[in-house]
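Have the viewer open as you read.

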Amino acid sequence: MFKLVGVVGSGQMGNGITQVAASVGFKVIMMDVSSAAVQKALSTIGSSCDRLIKKEKMTAEAKKALLGNITTATDVSALKDCDIVIEAATENIDLKLKIFKSLDDAVKKDAILVSNTSSISITKIAAATSRPEKV
């Protein structure tokens, strides 16, 4: 069972993944390149929760718990203890390869690295790592 989830990228997909993981009780570290980006994502998540509260699909207490499950970071080293890291960055092969190389160096060796890519070869992304379980 995963105890700590990392999400790289705090845009639309990244903050959505973060919100879903935090809503089911996972502790999540949401990382992006700037504190402004992660703060904007936290605001987006809060607004999403507010809409759910208005529709009576979430309580204020659940929102508080969800937000309490999220921490933010701007450095990949913050993800070192994550059990799984989900990359949700822009669909740019060079960027994704750079991210996976840095994740490979930063996170524990038994952590699972995942990509949210829709068009880039997973085999090519995996080749940027030294992980034995390459696709």
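Predicted model: local features only at pLDDT ≥ 70, side-chain atom pairs only at ≥ 80, totals over all residues.

Residues are numbered from 1 along each chain as its sequence is written, and side-chain values use heavy atoms, with hydrogens and water left out.

Two packed helices are described by the angle between their axes and the distance between the axes. Start with H1 (residues 12-23) and H2, which pack at about 55° with axes 10 Å apart. Helices here are DSSP runs of H or I, at least four residues, numbered from the N terminus. H1 and H2 are therefore oblique to each other (under 35 degrees is roughly parallel, over 145 roughly antiparallel, 65 to 115 roughly perpendicular, and the rest oblique). On the H1 side, the contact (heavy atoms within 4.5 Å) uses Asn15, Thr18 and Gln19, and H2 brings Ala41, Thr44, Ile45, Ser48, Cys49 and Leu52.

Now turn to H2 (residues 35-54) and H3 (residues 60-68): their angle is about 160°, and their axes are 10 Å apart. H2 and H3 are therefore roughly antiparallel to each other. In this pair, Ile45, Gly46, Cys49, Asp50 and Ile53 of H2 meet Ala60, Lys63, Leu66 and Leu67 of H3.

Terms used: Axes fitted to C-alpha atoms, helices over the stretch in contact; angles between N-to-C directions. Helix = DSSP H or I, 4+ residues; strand = E, 2+ residues; numbered from the N terminus.
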